[in-house]
Amino acid sequence: WVNRLALRFAPSSVQRSFTVLRQLLDFAVDNRLVSVNPSERIVLPRRKQFEARFLTPDELELLAATIDARSRAMVLVMAWATLRIGETMGLRRIDLDLNTGRLRVANNLVEVAGRRYEGLPKTKAGRRSMTLPASVVADLRLHVARFGNSSYVFSTATGNNWSAEDWRSRVWRPAVRRAHLDPLRPHDLKHTGVALLAAAGVDPSEIARRAGHSSVAFTYDRSGHLFPEVG
């Protein structure tokens with residue numbers, strides 16, 4: 001079972017699934033439903049060392065210029081607001097204040113087993129607000145004027161919510177290839193945003209808050225080399 005999972009999922013996902021199964025089997029042993037736990041001494045796939053990808057400002061602008069016009073502002077917002085893809089897909093018009101340049105992260109849209117679920121960000125730290133650079137606000141204002149046919153900021157041409165996987169396959173990956181930026185994941189835009197903020201001298205605690213990280217330690221763990229004081 002573990003080997004079959006490993007063919008489809010990342011090591012971290014396999015380990016989480018295995019942990020749930022092992023706990024169920026422990027319960028079965030405690031209640032004398034089985035005599036031994038068959039999950040003992042199972043070798044799990046090892047997690048790969050985390051490696052974040054960061055775009056330079058020029059690479060970010062190249063990608064934004066290459067991608068479909070409906071997604072230009074989306075790419076810039078994901079980077080400069082350090083948003084996860086679910087937070088981006090769930091961003092609503094009511095979460096934007098273009099007069100003050102503020103964005104609120106208060107909604108999350110995710111897919112599980114082909115079904116979409118909408119609600120608050122997964123952690124308290126994920127619920128946050130921030131100001132955006134004037135250039136990004138200008139792109140957002142133009143985007144809303146041209147494509148604002150939905151209560152969500154970013155949508156398909158018919159005004160429907162994007163499926164994250166559809167957006168990756170139809171819009172994201174072709175643009176990444178055209179811009180010669182392979183390999184690149186949408187989540188790397190969040191890492192790019194952290195790098196841009198660090199380069200601008202923003203305090204690490206503020207970067208952690210904007211990124212929705214639970215602690216500065218998590219930010220250091222992911223991006224510590226961006227901060228001179230971490231060595």
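Which residues does Arg-210 touch, not counting residues up to four places away in sequence? Trp-80, Ala-81, Thr-82, Arg-128, Met-130, Thr-131 and Leu-197. Contact here is heavy atoms within 4.5 Å.

A word on the source. This is a predicted model, where local features need pLDDT of at least 70 and side-chain atom pairs count only at pLDDT 80 or more, while totals for chains, interfaces and linings use all residues. Residues are numbered from 1 along each chain as its sequence is written, and side-chain values use heavy atoms, with hydrogens and water left out.

Back to Arg-210. It sits in helix α9, residues 204-211. Helices are DSSP runs of H or I, at least four residues; strands are runs of E, at least two; both are numbered from the N terminus. Arg-210 is buried, yet it has no salt bridge. Buried means under 20% relative accessible area, with a 1.4 Å probe and protein chains only. A salt bridge needs a side-chain nitrogen of Lys or Arg within 4 Å of a carboxyl oxygen of Asp or Glu. The nearest side chain of opposite charge is Glu-206, 4.6 Å away. For charge, Lys and Arg count as positive, Asp and Glu as negative; His and the chain ends are not counted.

Now the whole chain. It has ten helices and five strands. Of its 231 residues, 42% are buried. The C-alpha trace spans about 65 × 45 × 35 Å along its principal axes. Take contacts between residues at least 6 apart in sequence: 59% join residues at least 24 apart.

Methods: Buried means under 20% relative accessible area, exposed over 50%, partly exposed in between (1.4 Å probe, protein chains only).
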